[in-house]
Amino acid sequence: MKTIREKRLEKKWSQTYLAQLSGVPQPTISQIENGTRQYPTFENMKKIAEALDLRLEDISLPGQKDIN
């Protein structure tokens, strides 16, 4: 599992570019990546996952423990 930040940086994308592709505001992406938005909406996470070409279940949030 990768965090949004790890996958975004792998692609060499800025938060602004991911925001443009996903339709999720850049401040929201920043908050999700930094862990200050602990409960992002399902819809935003789905949009981000699709933009990053990931399945929703392949994304972990900062501080989230991998239970697999």
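In the loop between α1 and α2 lies K12, where helices (H or I, at least four residues) and strands (E, at least two) are DSSP runs numbered from the N terminus. K12 has a positive phi of about 60° although it is not a glycine. At 73% relative accessibility, K12 counts as exposed, a word that stands for over 50% relative accessible area, while buried means under 20% and partly exposed lies in between (1.4 Å probe, protein chains only).

This is a predicted model, in which local features need pLDDT of at least 70 and side-chain atom pairs count only at pLDDT 80 or more, whereas totals for chains, interfaces and linings use all residues. Residues are numbered from 1 along each chain as its sequence is written, and side-chain values use heavy atoms, with hydrogens and water left out.

**The chain as a whole**

The secondary structure of the chain comes to 4 helices and 2 strands, and from the N terminus on these elements run β-α-α-α-α-β. The chain has 68 residues, of which 35% count as buried. Contact here means heavy atoms within 4.5 Å; among contacts between residues at least 6 apart in sequence, 53% join residues at least 24 apart.

**Helix α4 and the residue after it**

Helix α4 spans residues 42–51, and its buried residues are N44, M45, I48, A49 and A51. They cover an arc of only 165° around the axis, which puts them on the same side of α4; the arc is that of the directions from the helix axis to the C-beta atoms. An α-helix has 3.6 residues a turn, so residues three or four places apart point the same way. The face of α4 turned away from this buried side carries the exposed residues F42 and E50. What covers the buried residues of α4 includes α1 (4–10), α2 (15–22), α3 (26–34) and β2 (59–60).

Just after α4 comes D53, with a positive phi of about 60°, and D53 is a residue other than glycine. The place of D53 is in the loop between α4 and β2, and at 66% relative accessibility D53 counts as exposed.

**How α2 meets α4**

Two packed helices are described by the angle between their axes and the distance between the axes. For α2 and α4 the angle is about 105°, and the axes are 9 Å apart; axes are lines fitted to C-alpha atoms, for helices over the stretch in contact, and angles run from 0 to 180 degrees between N-to-C directions. That makes α2 roughly perpendicular to α4, since angles of 65 to 115 degrees count as roughly perpendicular, those under 35 as roughly parallel, those over 145 as roughly antiparallel and the rest as oblique. On the α2 side L18, L21 and S22 take part, and they meet K47, I48 and A51 in α4. The residues of this contact divide into 4 nonpolar, 1 polar and 1 charged.

**The nonpolar core**

A nonpolar core is a set of buried Ala, Val, Leu, Ile, Met, Phe, Trp, Tyr and Cys residues joined through side-chain atoms within 4.5 Å. The largest one has 13 residues, and those with the most contacts inside it are I4, L18, I29, I48 and L52. The elements that give two or more residues to this core are α2, α3 and α4, and the largest share, 4 residues, comes from α4. In soluble globular proteins, nonpolar side chains tend to be buried together.

The buried residues of α3 are T28, I29, S30, I32 and E33, and they pack against α1, α2 and α4. After α3 comes G35, whose phi is positive, near 80°. I29, which has its place in helix α3, counts as buried at 1% relative accessibility. The C-alpha atoms of I29 and A19 are separated by 7.2 Å, although these residues are 10 residues apart along the chain. R8, in helix α1, also counts as buried, at 7% relative accessibility.

| Residue | Residues in contact (heavy atoms within 4.5 Å) |
|---|---|
| R8 | W13, S14, Q15, L18, E33 and L52 |
| I29 | Q15, L18, A19, S22, V24 and I48 |
| L52 | I4, K7, R8, K11, W13 and L18 |

Note on methods: Nonpolar A, V, L, I, M, F, W, Y, C, P; charged D, E, K, R; others polar.
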